[in-house]
Amino acid sequence: MPELPEVEALKDFLADHLVGREVVRVLPVAISVLKTYDPPVTAFEGRAVTAVRRHGKFLDIEADGLHFVTHLARAGWLQWKDTLPDGPPRPGKGPLALRVALETGEGFDLTEAGTQKRLAVYVVRDPAEIPGVARLGPDPLAADFDEARFARLLAGERRRLKGALRDQSLIAGVGNAYSDEILHAARMSPFKLAASLTPEETTRLYEALRSTLTEAVERSHGLAAGRLKAEKKSGLRVHGRTGEPCPVCGDTIREVSFSDSSLQYCPTCQTGGKPLADRRLSRLLK
């Protein structure tokens, strides 16, 4: 799933390629991708793009007062085309969900792999009309997101750190992969209760949150859209690396699997050498 660093990079890439250019066609291929109907998606046509923004993991393209907002979900992606194919795309079983064409002949496709179709596109007058955007918590890379604000968010939070970091209404933009990376950098168990953090641990987690995301954004900056997935994977130190040696201590990276996801961690760095039970609703072995 694209998370804050990849969506931030897509935002910068699209700002360079879209702002000032006119959208001539918006062509839905999978009708299920459209989550709004008023204004219709065709209302975006004939407008010049004025800005590209990010709201958490939502990408927002503004054109003359309308907002084309997409959430790429778990398996969605944006593919830029210097020259779009001739003719309209044909509905079928392929991954193409929607195409946006510019006056220049350039444009982009929104695609989604797999059978779970969660890619979403909204055309709205105000992004706050979208429930997922309206409920977003603060952006962790915002200038006013300081340690004191972070500590207030965690105060009284009875969930485990892994779940708290992924909650978009608490902190916007962090998903499964970067929550693993942040917790590894902070040397904390994913199952530690958020409200149990000491002031020193809160500082450590805040610094890991900011540095992990900032470094990932810097690695992705300036890359073409097609290279972002590979860059994300190459930069991850524990997520998706079950069975490999931890780059910090050399211990074997382990995994906990759930019904629809998994987490990875280093026992030596994060759980005092104790493995976490690898079963659904896992609890720390005692």
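This passage describes the fold of a predicted model, from the whole chain down to single residues.

The secondary structure of the chain consists of 8 helices and 10 strands. Its radius of gyration is 20 Å, close to the 19 Å that the globule rule gives for 286 residues, so the chain is as compact as a globular protein of that length. Along the principal axes, the C-alpha atoms fill a box of roughly 60 × 35 × 30 Å. Of the 286 residues, 51% count as buried. Among contacts in the chain with a separation of 6 or more, 62% are accounted for by residues 24 or more positions apart.

Eight of the strands belong to an open sheet with the order β5-β7-β6-β1-β2-β3-β4-β8 and antiparallel pairing. The edges are held by β5 (76-81) and β8 (120-124); each has a single partner strand, so one side of each is left without a neighbour in the sheet. On average, neighbouring strands of this sheet are turned by 25 degrees against each other, direction ignored. Within the sheet, β6 (residues 96-102) and β7 (residues 107-112) pair in the antiparallel sense over 5 bridges. In general, the strands of a sheet pair through backbone hydrogen bonds, either parallel or antiparallel.

Helix α1 comprises residues 4-18, 15 residues in total. From its first C-alpha to its last, α1 reaches 20 Å, close to the 21 Å expected at 1.5 Å a residue. The helix lies across β2 (47-55), β3 (58-63), β5, β6 and β7, and runs at about 165 degrees to β2. Of the 15 residues of α1, 11 are buried, so the helix is largely enclosed by the rest of the structure. The buried residues are Leu4, Pro5, Glu6, Val7, Glu8, Ala9, Leu10, Lys11, Phe13, Leu14 and Leu18. In an α-helix there are 3.6 residues a turn, so residues three or four places apart point the same way. After α1 comes Gly20, which has a positive phi, near 90 degrees.

A further pair of strands is formed by β9 (residues 254-257) and β10 (residues 262-265), which run antiparallel and are joined by 4 bridges. These two strands form a hairpin, with 4 residues between them. In this pairing, Glu255 stands opposite Gln264 of β10.

Two single residues were also examined. Ser189 is located in the loop between α5 (176-186) and α6 (199-220). Its relative accessibility is 11%, and Ser189 therefore counts as buried, the cut-off being under 20%. The side chain of Ser189 reaches the backbone nitrogen of Phe191 at 3.1 Å. With residues up to four places away in sequence not counted, Ser189 touches Leu161, Leu183, Gln270, Thr271 and Leu276.

The second residue, Pro275, lies in the segment after α8 (267-270). At 30% relative accessibility, Pro275 counts as partly exposed, a class that lies between under 20% and over 50%. Pro275 and Arg254 are separated by 21 residues in sequence, and their C-alpha atoms are 7.8 Å apart in space.

Key: Residues are numbered from 1 along each chain as its sequence is written. This is a predicted model: local features need pLDDT of at least 70, side-chain atom pairs count only at pLDDT 80 or more; totals for chains, interfaces and linings use all residues. Side-chain values use heavy atoms; hydrogens and water are left out. The expected span of a helix is 1.5 Å times one less than its number of residues. Buried means under 20% relative accessible area, exposed over 50%, partly exposed in between (1.4 Å probe, protein chains only). Two strands pair if DSSP finds at least two bridges between them. Axes are lines fitted to C-alpha atoms, for helices over the stretch in contact, and angles run from 0 to 180 degrees between N-to-C directions. Contact means heavy atoms within 4.5 Å. A polar contact is a pair of N or O atoms within 3.5 Å; within protein, one must be able to donate a hydrogen and the other to accept it, and residues adjacent in sequence count only if both atoms are side-chain atoms. The radius of gyration is taken over C-alpha atoms; the globule rule is 2.2 Å times the number of residues to the power 0.38.
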